[in-house]
Amino acid sequence: MAADSSPLRFFPYESPYENQRAAIERIHGALGDERDVLFEGACGTGKTLSALVPALEFAREEDKTVVITTNVHQQMRQFVEDARAINDREPLRATVFKGKSSMCHIDVDYEECQVLRDSTKDLVNAEEDLADLEAREESLLDASQDGDSDATEARSAVMDELENVESEVEELREESVCEHYYNNLTADTDAFYAWLAADVRTPEEIYEYAEQENLCGYELLKDGMESMDLVVCNYHHLLDPVIREQFFRWLGRDPEDVITVFDEAHNVESAAREHATRTLTETTLDSALAECDDSDDSRAARARNVIEAFRRALVTTYDEKLGFGERERIGEDWEDLEVANSEGRDDLTLAFLDGYTGQGIEADVETALAFGAALDREYDRQYRNGETQVRKECQTLQTVQFIESWLADGGKRAEGARSSSVERSESDGASGGRHPVVSVREGPDGVYGRAESFASIPRDVTEPLFSNLHASVLMSATLRPFDVLGDVLGLDEPETMAYGLTFPEERRRTFAVDTPALFASERDSPGVQKSITETLGDAIRFTPGNSLLFFPSYAEAERYHDRLDTEATTYLDEPGETVESLREQFAAGEHGALFTSLWGTLTEGVSFDGDDAHTVVVVGVPYPHLDDRLRAVEDAYDAAYESGWQYAVEIPTIRKTRQALGRVLRSPEEVGVRALCDARYTERGQREMGKYGVRETFPDEERAELLDVAPDKLKYAMLNFYSDHDAYDGDPPTP
């Protein structure tokens with residue numbers, strides 16, 4: 001098909017939905033104004049193409065590169081399908097980029113790869129020099145044999161140089177080199193790049209091609225990124241500042257020449273927080289101390305003094321926090337201990353400062369950093385020269401860098417505690433809302449600890465990213481309220497748009513079922529369990545097909561899976577298990593019920609199309625556990641925006657609920673029921689339960705669809721709805 005020059009040039013199908021067309025036009029206009037876009041679209045309404053089509057059109061017009069990113073693995077496959085569909089209509093150079101760890105043919109880490117790559121380049125360069133000298137020597141030999149005395153003298157000098165280069169090549173061949181990368185540099189790779197450009201290639205396909213040809217697919221892909229119109233990647237390629245700088249260099253683009261599309265963008269806040277958080281374990285401290293003991297560098301003693309003092313303070317801190325008998329109950333998972341103080345420095349910092357002896361902390365830290373840097377350079381030299389089989393990471397350098405940043409963060413916290421409320425808000429923002437945490441867990445040799453500088457407010461990570469890009473489109477089915485997200489991520493007056501379900505409203509029902517509120521304190525109540533069990537039994541029985549049941553935790557999902565006596569085939573999603581095969585078994589069945597957690601992987605990026613599922617039930621309000629970290633986030637948001645509970649807890653919780661509701665009703669032809677089982681979702685809950693009522697947190701148009709129903713009336717409401725649409729295969733069930 002011939003290319004046309006319109007915002008729909010890259011739309012791969014006959015025509016867009018009405019809302020898709022409107023979104024495409026608005027996003028294209030926002031990109032022209034260099035404005036970021038917050039785009040909420042209901043599940044199944046074509047958000048990806050609504051964002052991708054105008055981004056690709058604008059990028060083609062203005063010579064930009066589009067990067068679409070997600071943290072949901074299932075969405076990667078959908079992006080590939082969409083990109084291939086676009087490529088069938090309009091030629092598009094696109095690929096999926098993954099990290100080295102998933103594409104390395106010899107399974108080495110990044111540091112080792114860096115050294116191998118450099119030494120391999122050195123070898124290839126030396127071999128090229130050798131070939132040039134050999135050709136020159138042969139030419140001079142011919143000339144000298146013809147009686148050219150100048151050629152004879154020049155040949156003698158070349159022979160000397162040739163001998164030196166031959167020795168260099170022999171030495172380099174004895175060093176560690178990567179055979180796959182060597183072939184990249186010496187073989188003809190035109191066939192690979194022609195193959196890469198012919199379709200939208202996945203990392204798995206690139207790896208397989210390279211493995212067959214004994215090439216390094218990762219390095220070939222990096223070199224081929226400059227020619228791409230579209231690159232699909234994971235969040236960390238953009239949210240990690242170090243990786244982002246390299247990533248843009250591989251694209252051959254400055255940030256202002258890149259347009260990003262963030263899918264499932266309600267997750268950007270938590271993902272950025274993870275990237276901004278720093279940790280240091282007791283085992284790393286021990287490794288750093290061993291490095292100091294093994295070194296004869298005069299600076300090692302001062303580095304050891306810093307590290308030993310911090311380790312001693314860490315152990316002292318968690319020993320004091322663990323009461324009698326508490327060590328015995330510590331398991332394999334990290335358990336947080338509260339060390340922060342509202343008045344000044346945290347307990348770990350105080351223990352470190354109180355117990356420190358030496359020439360001065362600042363001077364000793366500076367000396368320790370210099371020692372660590374020198375040791376890291378020595379590790380690099382040893383690996384390059386083949387003295388070690390792996391490229392060691394310098395534990396001393398990592399440890400002292402953490403201690404330096406920990407002390408700096410602690411100083412800012414102490415300053416903030418002494419400030420007024422307004423000043424404290426500014427201080428928290430300037431320091432990234434850092435919160436100190438000490439955690440413990442059981443190891444092979446007993447309980448050991450970890451210090452963590454937890455990033456309460458991720459804006460320090462996201463604001464520099466979004467301000468430097470040409471523009472970004474952040475899309476999700478659950479972004480609202482937009483002003484909250486804009487504040488949290490540091491977006492400057494973004495364009496906002498929200499499109500609800502445009503599928504026929506008569507083909508869906510959304511019920512708020514007035515079952516007892518499933519507060520954590522009431523979950524063991526026999527009356528609460530009986531009411532919920534009966535309601536779920538009715539929902540499953542009166543569904544003409546499969547039902548999805550979401551709970552506040554895996555434990556609650558298992559509880560009701562075991563309690564329910566139903567003729568339907570039941571499936572239990574368990575933590576740590578892969579869900580793809582479970583999802584396929586469930587979708588292939590005719591009358592099943594899948595029990596899972598709202599905090600699992602089935603709430604996002606996984607669709608249940610057509611007859612895969614007709615009813616979705618959310619049981620309870622999935623508030624997260626209010627631990628020290630979440631309270632730190634709440635406090636930081638309260639200081640910065642005076643809306644701590646709303647920003648940190650309530651809004652993310654309702655987003656999670658809305659994501660679960662969006663697993664069904666993925667096309668205009670589908671018929672389905674969505675049920676929220678908890679009194680807090682009802683109008684009565686809003687009137688009588690005060691701040692515990694959550695109905696008002698839903699967007700207006702979604703709240704308008706909520707129909708309150710008593711638990712014992714749900715079966716009649718579902719029977720009437722599904723009967724009106726002739727959804728039952730045969731006679732409907734009898735109430």
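In what order do the seven strands of the open sheet that includes β1 stand? The legends below take up this sheet and other parts of the predicted model.

**View 1. The sheet that includes β1.** The order of this open, seven-stranded sheet is β3-β4-β2-β5-β10-β1-β11, with parallel pairing. The edge positions are taken by β3 (94-96) and β11 (495-499); each has a single partner strand, so one side of each is left without a neighbour in the sheet. On average, and with direction ignored, neighbouring strands of this sheet are turned by 15° against each other. Helix α1 (residues 18-32) packs on the sheet and touches β1 (37-41), β5 (258-262), β10 (471-476) and β11. The direction of α1 makes about 175° with that of β11.

**View 2. Pairing of β2 with β4.** Strands β2 (residues 65-70) and β4 (residues 230-234) run parallel and are joined by five bridges. Thr 69 has Cys 233 of β4 as its bridge partner.

**View 3. The sheet that includes β12.** Here seven strands form an open sheet with parallel pairing, in the order β14-β15-β13-β16-β17-β12-β18. At the edges stand β14 (569-572) and β18 (706-709), each with a single partner strand, so one side of each has no neighbour in the sheet.

View 4. Six bridges pair strand β12 (residues 508-513) with strand β17 (residues 672-677) in the parallel sense. Phe 511 has Ala 675 in β17 as its bridge partner. Helix α25 (residues 644-661) packs on the sheet, where it touches β13 (547-551), β16 (615-619) and β17; the direction of α25 makes about 160° with that of β16. Helix α28 (residues 714-724) also packs on the sheet, touching β12, β16, β17 and β18. The direction of α28 makes about 175° with that of β12.

**View 5. The largest pocket.** The largest pocket holds about 1,300 Å³ of space. Its lining has 35 residues, and Asn 267, Ser 270, Glu 274, Trp 599 and Lys 656 lie nearest the centre. At least two lining residues come from each of α3 (73-89), α12 (268-276), α24 (628-641) and α25. Helix α25 gives the most, with seven residues. By class, the lining has 12 nonpolar, 13 polar and 10 charged residues.

**View 6. The second largest pocket.** About 1,000 Å³ of space lies in this pocket. It is lined by 32 residues, and those closest to its centre are Tyr 110, Glu 111, Asp 240, Val 242 and Gln 398. Each of α4 (110-145), α10 (236-239), α11 (241-251), β6 (278-281) and α17 (395-418) supplies at least two residues of the lining. The most come from α17, with six residues. The lining divides into 11 nonpolar, 13 polar and eight charged residues.

View 7. Most residues other than glycine have a negative phi, and most peptide bonds are trans. Arg 480 and Pro 481 are joined by a cis peptide bond, with omega about 0°. Pro 481 lies in the loop between β10 and α20 (482-489). Glu 34, in the loop between α1 and β1, has a positive phi near 55°. With a relative accessible area of 55%, Glu 34 is exposed, because exposed means over 50%. Asn 214, in the loop between α8 (203-213) and α9 (217-224), has a positive phi of about 60°. Asn 214 is partly exposed, at 23% relative accessibility.

Notes: Residues are numbered from 1 along each chain as its sequence is written. This is a predicted model: local features need pLDDT of at least 70, side-chain atom pairs count only at pLDDT 80 or more; totals for chains, interfaces and linings use all residues. Side-chain values use heavy atoms; hydrogens and water are left out. Two strands pair if DSSP finds at least two bridges between them. Helices (H or I, at least four residues) and strands (E, at least two) are DSSP runs, numbered from the N terminus. Contact means heavy atoms within 4.5 Å. Axes are lines fitted to C-alpha atoms, for helices over the stretch in contact, and angles run from 0 to 180 degrees between N-to-C directions. On a 1 Å grid over the protein atoms alone, a cavity is a set of points where a 1.4 Å probe fits but cannot get out, and a pocket is an open set with protein on both sides within 12 Å along at least five of seven lines; lining residues have an atom within 4 Å of a point. Grid points are joined across faces, edges and corners, and a volume is the space filled by probe spheres set on the points. Ala, Val, Leu, Ile, Met, Phe, Trp, Tyr, Cys and Pro count as nonpolar, Asp, Glu, Lys and Arg as charged, and the others, Gly among them, as polar. Buried means under 20% relative accessible area, exposed over 50%, partly exposed in between (1.4 Å probe, protein chains only).
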